[in-house]
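Thanks for coming. I have one model to go through today, and I will keep it short.

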Amino acid sequence: MNRQEFERKNATKWRAFELKVQAAEKRQNVTGGEELPSTFRKVCYDLSLAQYRMFGHRICDHLNALAIRGYRVIHRKRGVFGARALQFCLSTFPRAVRTEWKLACVVSLVFWLPLFVMWWLTGKDLIWAQAILGSEGMSSLEGMYGKGADTVEHLRSEHGSNFMMFAHYIQNNVGIDFRLFAGGILFGIGTLFFLIYNGFHFGAVVGYVTAAGDPEKLWRFVAGHSSFEILGMLVVGMAGLKLGFALLAPGQLSRSQALSKAGRDGLPLLIGGALMTALAAVVEGFWSAQPFPAKVKYLVGICFWMLHVVYFVFAGRRSYGA
Amino acid sequence: MAIPARRIDTLQSVELAEGMEIHLRAAGPFLRFIAYFLDLIFEGLILLVLVFTIGIIGSVLGANVATGVYYLLYFFIWWFYHVFFEISRWGATPGKRIFGLRVVDEAGGAVTLGQSMIRNFLRGMEIVTPFVPLVAFFHPRFQRLGDLAAGSLVVYSKPRVEYSVAGPSAMVSVPVTCALTREEEAAILSFRYRSGGWSEARRVELTNHLQPLTGEVGPKGVNKLLGMARWLEGQR
């Protein structure tokens with residue numbers, strides 16, 4: 001069979017296949033859709049025949065494009081979103097965190113150590129607060145948590161301000177998470193920088209407010225959302241460091257393979273951590289500034305921390321379903 | 001899925017479960033840079049329209065709510081503009097679509113939400129250091145670091161259009177007396193189907209290389225080769 005004959009014999013079949021694929025791409029009902037896979041295999045066979053016999057670019061490219069489109073339509077992934085989201089929260093995410101427990105230790109150390117060191121230093125000498133926060137940062141803290149300052153609860157009494165702050169926290173904090181992750185591609189340096197920087201910053205804030213302001217105002221505000229926000233950031237930091245380590249120490253794989261694997265494995269950490277930070281924004285926007293007594297807020301904050309520990313230690317240990 | 005060794009063209013062959021090989025045409029960094037700049041402009045335009053809309057809504061709902069809505073929309077456009085379009089039916093942002101590009105996974109299928117997030121979030125950090133995106137120029141499949149981490153690829157979504165003019169059909173077929181390989185047969189046939197656009201001198205120059213086969217040089221060789229092409233096509 002030569003090229004012309006091959007084309008003449010199969011043209012109608014290819015055209016019919018193309019029309020069906022086109023309909024499926026537009027998510028329309030395909031008449032005779034059950035024949036799609038078998039026609040797809042025939043088109044694949046035709047393609048390999050045309051390639052082997054070198055029937056020329058025109059036919060090969062046409063069949064190649066048909067095969068790619070058919071492949072996309074047939075192998076379209078369709079899952080039930082709710083079920084997958086539930087499985088992610090109950091099992092995939094906490095499991096991913098537990099698998100990477102070494103990284104969890106690393107990011108915790110890199111964040112908490114600078115925090116406590118800076119807290120201690122600022123308590124000893126306020127010059128450290130000035131070095132980290134600058135005079136502007138210090139005066140804005142003075143305005144929020146100073147001895148004579150209006151409480152945060154008071155600032156939030158205006159209509160819609162809770163929602164505005166919630167949106168601000170989403171935009172700012174989740175954005176920081178994504179940057180933290182992306183920083184991993186610079187051999188992990190970006191991630192480490194953001195973690196250490198945040199550690200120093202938080203430490204300086206806490207140290208300064210403890211020394212010069214009214215610490216109760218600060219603790220009352222941050223108690224509720226601190227667990228979501230800090231743990232979310234650390235989890236995303238783990239995903240970022242995974243990328244960095246893949247480039248630095250790829251082990252048996254090539255660097256690009258290691259990077260690809262790190263991206264795949266780190267994905268649950270990125271998504272889960274970002275979701276936690278989004279939850280933190282909800283809490284920070286709508287709960288943390290509510291006028292409740294300090295004890296209630298501390299209790300809720302402690303409960304959230306405990307829940308997180310329980311979640312990461314125990315969730316998803318049993319596998320459900322098949 | 002097997003990724004073969006380097007080859008001189010940018011075709012990326014992928015073996016599918018169906019037992020055949022497809023070729024993806026990886027798109028080069030230059031076109032993608034331009035597409036990215038177009039997308040930046042589109043993002044800016046969308047944001048501009050939103051700001052005006054929110055300004056109008058804001059007068060009803062109050063300034064704080066309007067500011068909040070603006071923050072949220074800004075966040076989603078900044079981080080998810082590319083992701084949203086790449087996981088859509090188009091598989092490409094408007095900028096890429098204009099150039100007929102598409103983002104696919106390494107097997108040619110659609111990218112998932114996660115893959116798209118990885119490749120787009122890493123871009124922001126890659127362009128912090130101007131030399132890092134240039135890595136794509138040296139990669140056989142033009143993957144930048146974000147693509148490598150996500151296992152994704154930017155390809156041309158349509159087959160290339162080849163502007164070739166078939167040469168004149170020979171009057172008589174000339175039988176080929178020795179055994180030809182597939183490649184040699186294909187070369188002779190593609191000479192027939194592309195030589196129409198070339199000058200006579202070029203045709204002669206090419207056929208002169210085939211003197212051992214045709215036994216002629218000059219225009220006579222061209223005629224003989226076209227005759228062989230006719231014979232190979234089965235018109236004997």
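This is a predicted model: local features need pLDDT of at least 70, side-chain atom pairs count only at pLDDT 80 or more; totals for chains, interfaces and linings use all residues.

Residues are numbered from 1 along each chain as its sequence is written, and chains are lettered from A and ligands numbered from 1 in the order in which they are written.

Domains to begin with. Chain A is assigned domain 1, 3-74, and domain 2, 81-314; such bounds come from an automatic or database domain assignment. The C-alpha centres of these two domains of chain A are 52 Å apart.

Now the interface. Between the chains, 50 residues of chain A are in contact with 46 residues of chain B, where contact is C-beta atoms, placed from the backbone, within 7 Å. On the chain A side, helices H2 (36-53), H3 (57-74), H8 (161-182) and H11 (255-286) each supply at least two residues. Helices here are DSSP runs of H or I, at least four residues, numbered from the N terminus. H8(A) gives the most, with 14 residues. By class, that side has 24 nonpolar, 18 polar and eight charged residues; nonpolar means Ala, Val, Leu, Ile, Met, Phe, Trp, Tyr, Cys and Pro, charged means Asp, Glu, Lys and Arg, and the others, Gly among them, are polar.

Gln171(A) lies in H8 of chain A. Is Gln171(A) buried or exposed? Gln171(A) is buried, because 21 other C-beta atoms lie within 10 Å; the cut-offs are 20 or more for buried, 12 or fewer for exposed, and partly exposed in between, with C-beta atoms placed from the backbone. Beyond four places in sequence, Gln171(A) is in contact with Tyr71(B), Leu72(B), Tyr74(B) and Phe75(B).

Next, the cores, meaning sets of buried Ala, Val, Leu, Ile, Met, Phe, Trp, Tyr and Cys residues joined through C-beta atoms within 7 Å. The largest has 84 residues, and those with the most contacts inside it include Val107(A), Val236(A) and Ala149(B). Helix H10 (residues 215-248) of chain A gives the most to this core, with 13 residues. Another core, of 35 residues, lies apart from it, with Val43(A) and Val154(B) among them.

Last, the helix pair. In chain B, the axes of H8 (residues 200-208) and H10 (residues 219-232) come within 8 Å and cross at roughly 75°; axes are lines fitted to C-alpha atoms, for helices over the stretch in contact, with angles from 0 to 180 degrees between N-to-C directions. H8(B) and H10(B) are therefore roughly perpendicular to each other, a label covering 65 to 115 degrees, with under 35 roughly parallel, over 145 roughly antiparallel and the rest oblique.

Note on methods
Two residues are in contact if their C-beta atoms, placed from the backbone, lie within 7 Å.
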